[in-house]
Structures are given as structure tokens and as C-alpha cells.
Amino acid sequence: MEQISELLKKLRNQSPLVQSITNYVVMNNTANALLAAGASPIMAHAHSEVKDMVNLVGALVINIGTLDEYWSESMLIAAEHAHSIQKPWVLDPVGAGATPYRNELLSKLLPFKPTVIRGNASEIMSLTSVNIKSKGVDSTNTSDEAIEAGILLSSQTDAVVVISGEVDYIIERNRISQVKNGNPIMAKITGMGCTASALTGAFVAIEKDYMLACTAAMALMGVAGDLAAEKSEGPGTLQLHFYDALYNLQPEEFGERMIVKYP
Amino acid sequence: MEQISELLKKLRNQSPLVQSITNYVVMNNTANALLAAGASPIMAHAHSEVKDMVNLVGALVINIGTLDEYWSESMLIAAEHAHSIQKPWVLDPVGAGATPYRNELLSKLLPFKPTVIRGNASEIMSLTSVNIKSKGVDSTNTSDEAIEAGILLSSQTDAVVVISGEVDYIIERNRISQVKNGNPIMAKITGMGCTASALTGAFVAIEKDYMLACTAAMALMGVAGDLAAEKSEGPGTLQLHFYDALYNLQPEEFGERMIVKYP
Amino acid sequence: MEQISELLKKLRNQSPLVQSITNYVVMNNTANALLAAGASPIMAHAHSEVKDMVNLVGALVINIGTLDEYWSESMLIAAEHAHSIQKPWVLDPVGAGATPYRNELLSKLLPFKPTVIRGNASEIMSLTSVNIKSKGVDSTNTSDEAIEAGILLSSQTDAVVVISGEVDYIIERNRISQVKNGNPIMAKITGMGCTASALTGAFVAIEKDYMLACTAAMALMGVAGDLAAEKSEGPGTLQLHFYDALYNLQPEEFGERMIVKYP
């Protein structure tokens with residue numbers, strides 16, 4: 001889709017500043033992915049500066065992976081401020097359902113109306129129900145099992161809901177787009193989901209049609225993953241070639257490679 | 001040893017969830033190593049959820065590398081809980097002996113009876129004596145200099161003691177196994193010791209013969225290191241090929257490659 | 001310059017212990033760069049041990065990237081102690097000018113007389129003026145635009161001021177050296193500036209002529225970057241080959257490759 005591949009050009013031209021309040025495990029990965037794709041990352045979480053940073057950036061990404069009491073408060077301050085000044089923000093509900101503490105924070109973050117909620121199937125299902133048990137941070141459900149939950153969650157929150165998996169679903173109420181790129185080995189590298197959320201932040205910073213922006217982010221993840229997998233012998237080499245692919249991918253090849261169904 | 005190479009198969013079949021409360025420097029590495037080997041990592045340290053997580057996982061790994069007061073408390077809560085519910089846990093005493101603060105935390109953790117203590121020679125020697133000075137986090141002693149200390153520490157604590165080095169020693173009271181795989185360049189990558197502790201966590205989650213489990217973990221580290229070194233030109237490329245090797249290694253090749261003396 | 005390439009030999013012979021109180025995003029990178037170059041990294045920030053660690057090490061590096069209240073206090077304790085016992089220390093003012101909170105911490109750190117201040121052009125300009133706005137953590141100015149600010153800052157603080165960019169400037173009052181190595185893709189990897197600060201810490205630990213030490217650090221960054229770029233297809237592969245190059249570089253090749261103007 002040309003509309004989507006043009007967004008990659010726009011991303012590189014505008015090089016939006018994206019703030020992440022994210023988990024320790026993936027900070028390096030997500031910063032590198034943002035830089036390689038053409039955006040500019042900043043990580044800042046101090047209560048004393050978090051609002052100032054939200055003012056400066058094009059979008060905010062909140063990822064609850066390694067939360068604690070201080071960081072939870074940072075996330076709440078940032079989300080509330082982003083909501084109040086209408087700055088787009090992305091919520092990555094890592095490990096939703098794994099502990100009551102995570103669920104409680106999520107229930108406090110949702111009223112600040114995330115622009116996008118991106119998670120794996122178990123996380124998205126957990127956000128709409130108390131009956132789902134996640135296995136730590138990895139999904140035990142396939143993405144298509146979560147479509148119904150995604151539609152419900154989007155209706156409840158007004159967010160675009162992105163479910164990552166073998167097929168990625170991007171849901172805005174009852175409109176659904178699909179991305180079929182990507183390689184299963186990507187699940188063997190930590191932080192690929194978090195990276196998807198970071199790139200989503202970059203695209204919502206430059207494109208107000210959020211459904212389109214999210215589809216572009218997931219297509220970019222998938223196409224870069226496909227390109228990287230062709231050169232890789234395992235998850236270690238895949239990670240590197242993934243950054244190279246993000247950096248080198250041209251809009252034309254992006255357009256040709258993406259396997260997208262757009263409503 | 002077939003018994004050891006079979007454990008790799010078991011690890012991949014069971015894909016145990018391993019919780020790490022570890023240092024910031026290596027979180028990404030250890031999560032990637034666990035994923036590549038076939039386990040499922042989770043990092044969670046909030047006082048409000050740390051016990052819930054210990055309940056969910058197959059094993060816990062505590063690594064004191066970048067400790068502070070909050071994290072020390074997380075480690076104590078988690079270790080006490082793991083001990084009380086008989087969940088296996090691994091202690092990595094990074095920088096033991098470097099400061100009184102580290103020694104004090106270690107003296108509080110040991111009563112919660114770690115299943116395994118894995119460190120370099122200086123760290124293991126430091127745990128049995130106040131007379132050893134470590135040089136930061138890197139060992140200034142060779143692993144065979146620490147055997148006596150390892151035997152003493154195992155007797156004092158009932159833990160399996162693993163001393164990493166050119167030869168790895170796995171000590172359960174006065175039984176000792178040895179692993180001779182691995183490459184000196186591995187010491188030029190940060191977090192290889194921490195990665196060994198993480199993989200040890202994965203094996204003790206699936207095998208109750210902890211001496212065997214620890215030997216398997218060290219053999220896997222060493223064989224993956226050997227395979228990676230053959231393809232590498234330095235520590236940067238070694239790191240990647242190491243993950244690829246962890247991911248691609250088959251039990252048969254694992255059995256052929258390992259250089260293990262088992263009592 | 002032979003005097004500079006000899007410093008690489010000295011670094012490897014002495015293998016100085018370098019303490020970093022740095023940001024979460026780059027900890028892994030900077031530890032790996034120090035190891036690959038021949039130094040020994042330690043990261044420790046607990047208020048309860050930070051002074052003990054400063055006593056043990058050859059130099060201290062303070063990087064304010066992901067500061068919060070606890071970490072700010074760690075930095076102040078460490079800087080004050082390093083100053084009082086005349087241990088060389090390097091300040092990396094990440095994001096200077098981006099928020100009042102960062103500026104306030106920097107104004108408290110400067111009286112403890114950093115041996116070296118290393119930043120990008122925007123950060124160095126921001127330290128001498130309230131009129132500069134940084135774009136997050138990436139510079140919006142070229143390094144030569146900051147020379148005047150660098151001279152002023154060096155005079156005000158007695159520090160050697162290092163401005164990273166296409167050309168690196170190393171300024172001690174009105175003496176200036178230049179390093180012209182390095183590749184633009186290095187700016188597409190997170191933490192390359194922080195890595196430069198870490199290596200600067202390694203060199204000031206072994207060489208009391210700080211202007212020379214800083215020039216050596218920047219030349220090593222640049223030459224390793226040049227070597228890595230020749231083998232790379234993008235920022236992902238560049239990162240790895242950079243560590244390999246740091247590890248494999250011999251003093252002779254270092255001397256031949258460096259493009260340095262020394263006053």
C-alpha cells in the first residue's frame with residue numbers, strides 16, 4: 001500500500017522525538033530500532049522532568065515490563081499529562097494478567113485514554129477479562145484468538161488495539177487491518193514486542209490517522225524481520241540484521257514486501 | 001554424557017519460566033540467552049509483585065550486580081519466599097568482597113538457602129573468607145584456586161557451588177564435576193557469568209538432580225561458546241553467534257562437543 | 001601520533017577498573033566497549049557503596065542520561081568523593097538543556113570539578129548558556145559551532161572539554177586538538193557518545209596528561225568506527241564490528257589510521 005510506504009518517507013523526513021518510559025530489558029533495543037528507522041529516542045522517567053519531556057516529544061510510549069512503585073508513578077504522571085495536552089501515547093501492557101499489581105496499574109492508566117494499546121494475544125485478552133492467565137511475558141494464545149477481545153477493548157477505550165502474533169491485527173472498533181509479515185524466530189529475541197510499540201510511537205507522532213500509523217509500524221516490523229531472517233542463522237544474528245534492515249529499507253521495497261489487508 | 005544432553009531436550013520441551021532479579025547491565029543478554037536456549041524469561045522486582053512472580057515460575061535467579069536499597073529488599077523478599085515454598089533459586093554474588101555493602105546483603109541472602117551459588121573464583125573465595133579482595137567484578141583468581149573454598153561453601157550452605165573459569169567446577173559437598181569447554185574471549189563480553197547463572201536457573205527448573213542440572217548449564221555455555229568462537233572475529237560477533245549456537249544446538253552435537261568429567 | 005598509540009598499549013597492560021554511574025540504555029554497550037578495549041568495567045550506584053567503589057577504581061564516569069532523584073544523589077556523592085580524593089572523573093551531560101531538572105543537577109555537579117566534560121555540540125553549548133535548546137539527546141548543532149562554548153567551558157571549569165561530532169574537538173582552555181576519524185552511521189546507534197565517555201574514563205585512569213588521554217579516547221572511538229564501518233551494512237552490524245575492532249586493534253594500525261591534529 002503506497003499510503004503506508006509513504007509514511008516511512010515521512011518518518012525519516014520528520015525524525016520525530018519519541019519518549020519511552022519502558023522496561024530495563026529492552027531500552028537499548030528500542031532506542032536502536034527508533035534510530036535505525038529514522039526517529040529520535042529519549043528515555044526519561046524522573047518525576048521531576050517527565051512532564052517537561054512529554055511537552056518536547058512527538059509521542060510517548062509506556063511499557064510496564066519492569067515496573068515498580070516509582071516507575072508506576074512516572075507512568076501515571078506522563079500518561080495523565082499526555083492525555084491533558086492531547087499528545088498521542090502508546091500503552092504496552094507487558095505481562096498483563098500475570099500479577100494483581102500489573103492489573104491495578106493498568107486499570108489506572110486506561111482512563112488516560114491511550115491512543116494505541118499494543119500487546120500479544122494473552123495481554124490483550126487479559127485487559128478485557130479477569131479469566132485469562134498469561135505465562136509470564138510470552139503469549140500462550142495466538143493472535144486470532146484475541147480478535148474479539150481486541151474489538152471489545154477498542155470499543156471500551158477508544159484506542160486502536162494492536163495484537164501482535166503470526167498475523168498482526170490492528171483494530172479500531174470494528175475495522176480491522178492485518179499484517180502477515182514477520183518470522184517466528186523474532187519471538188526468540190527479547191523485546192521485539194516492545195520494539196513494535198516503540199515504532200508505533202514513532203508513526204503516531206507523524207500521522208494522525210492512527211489506524212494507518214499502527215498498520216505502518218507493524219508492517220515495518222514485519223518486513224524488516226523478513227529481510228533480516230533471510231540473512232540470519234539464529235536469533236543473535238537476526239537482531240542485528242533487523243536494525244540494518246530498518247535502516248536500509250526504502251519505501252519502494254517496503255511497499256513491495258508488505259503483506260497487508262487494509263479495510 | 002547422554003544424561004546431560006537429554007536435559008537440553010527436556011529444557012526445550014518444558015520451556016520453563018525463569019524469573020531474574022538481576023543487574024541492569026546484563027538483563028538483555030540473559031533474557032536473550034534464556035529465549036535462545038528454549039526457556040522463557042521474566043524480570044520482575046517490584047516489592048508489590050515479587051512473591052506473585054516467584055509463585056508462577058520454575059526457578060528464580062538473584063544477581064546482585066547493580067544492587068541498591070530497593071533492589072536488595074526485592075532480592076530478600078524473593079529469596080525468602082522461594083525458600084519457604086521450596087522453589088529452586090540461584091545466587092550470583094557479583095562483586096562479592098568488593099564492598100561491605102555487598103557482603104552484608106550476601107550474608108542476609110545465604111540463610112534462605114540458595115539451591116546453587118555460581119560465581120567466579122574471587123567471588124566464591126570471598127564468600128568463605130574476609131581476606132580476599134576482588135578486582136571489581138572480574139576475577140583475579142583462577143577457578144582451580146577456588147576449589148577448596150567451593151567445597152567449604154557447599155558444606156556450609158548445602159548449595160551446589162559453581163565456579164566459572166577456564167575450567168568450570170561444579171561442587172556438591174565433596175563431589176566435583178568439571179566442564180572444560182569455552183573460550184577465553186567470552187571473558188571480554190559483559191554478562192557471560194550472569195548468563196551462566198540464568199541458564200543454571202533454567203536447568204534447575206526442570207531437573208531436581210541439581211549437580212547434573214548445573215553441569216548441563218555450564219556445558220551448554222561452554223559448547224555454545226566454542227561454536228560461536230569458531231565463527232567470530234572478536235567479542236562483538238561472538239556474542240551474536242553465541243545466541244545462534246544456543247538456539248541451533250541439537251542434543252547429539254551437544255553430547256559430542258561437551259568435555260565433561262562427572263563423578 | 002606515536003604518543004597516542006602507545007597509550008593503547010598502556011591501557012591493555014594496566015587494564016584499569018572504571019566505574020560508571022550511567023544510564024540504563026547504554027550500560028551493556030559501555031561495559032562491552034571497556035572490556036573490548038582492555039579495561040575492566042564496574043557499575044555501582046547504591047548510596048551505601050558508591051564511595052567504596054570510587055576508592056577502588058582508576059576513574060569514574062558520570063552520565064546523567066536516565067537520571068532520577070536516587071541516581072542524582074548517587075552521582076553527587078560519587079563526584080564529591082572523587083573530587084576530594086583527586087580521582088579523575090568524566091562528566092557526560094546527556095540531554096543538557098532539555099529540562100530544568102537536568103540543568104539543576106549539572107549545576108550541582110560542576111563544582112566537584114570534572115576532569116573531563118564530554119558531550120555533543122548542543123550539550124556543550126547548553127552548559128555555557130541558557131539560550132540553547134537541545135532536541136532530546138541528539139545534537140542539533142555541528143561540533144565546530146560549539147568550539148567557542150567549549151573554550152569558555154574549559155576556562156570556567158578547568159576541565160578538558162570534548163565535543164563529539166563529525167570532527168571531535170578536545171579543548172583545554174585555548175589548546176585544541178582534533179580527531180577526524182569516525183563514520184556518520186555511528187550516530188544511528190544508541191550510546192556511542194556514552195561509549196566515548198566510558199573510554200575517556202579508561203584513558204584518564206592511566207594517563208595524567210588529560211588532553212592527551214582524551215585525544216586517545218576519541219581517536220580510538222573513531223578508528224574502531226572506521227574499521228567497523230568497512231565491514232558493516234548498517235547500524236546493527238556496525239555495533240558488533242565496533243567491539244571486534246576495539247578488541248583487535250593493534251597500536252601500529254591505530255597510529256596509521258588515526259587522523260589527529262595535536263597542538
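Okay, let's start in chain B, where helix 9 and helix 10 make a right-handed crossing (right-handed if the near helix is turned clockwise from the far one by less than a right angle, left-handed if anticlockwise). Before I go on: this is a predicted model, with local features needing pLDDT of at least 70 and side-chain atom pairs counting only at pLDDT 80 or more, while totals for chains, interfaces and linings use all residues. Residues are numbered from 1 along each chain as its sequence is written, chains are lettered from A and ligands numbered from 1 in the order in which they are written, and side-chain values use heavy atoms, leaving out hydrogens and water.

So, that pair in chain B. Helix 9 packs on helix 10 (residues 235-248) at about 125 degrees, and the axes are 8 Å apart (axes being lines fitted to C-alpha atoms over the stretch in contact, with angles from 0 to 180 degrees between N-to-C directions). That makes the two helices of chain B oblique to each other; under 35 degrees is roughly parallel, over 145 roughly antiparallel, 65 to 115 roughly perpendicular, and the rest oblique. Helices here are DSSP runs of H or I, at least four residues, numbered from the N terminus.

Who touches whom? Helix 9 of chain B brings residues including Leu220(B), Ala224(B), Gly225(B) and Ala228(B), and helix 10 of chain B answers with Leu238(B), His241(B), Phe242(B), Ala245(B) and Leu246(B); contact means heavy atoms within 4.5 Å. By class, that contact has 10 nonpolar, two polar and one charged residues (nonpolar is Ala, Val, Leu, Ile, Met, Phe, Trp, Tyr, Cys and Pro; charged is Asp, Glu, Lys and Arg; the others, Gly among them, are polar).

Have a look at Gly225(B), in helix 9. At 1% relative accessibility, Gly225(B) counts as buried (under 20%; exposed is over 50%, partly exposed in between, with a 1.4 Å probe and protein chains only). Leaving aside neighbours within four places in sequence, Gly225(B) contacts Met186(B), Leu238(B) and Phe242(B). Met192(B) is 33 residues away from Gly225(B) in sequence, and 9.8 Å away C-alpha to C-alpha.

Over to chain C: 18 of the 22 residues of helix 9 are buried.

Last stop, chain A. The axes of helix 4 (residues 69-84) and helix 5 (residues 100-109) come within 10 Å and cross at roughly 15 degrees, and these two helices of chain A are therefore roughly parallel. Helix 4 of chain A passes helix 5 of chain A in a right-handed crossing. Among the residues meeting there are Met75(A) and Leu76(A) from helix 4 and Tyr101(A) and Leu105(A) from helix 5.
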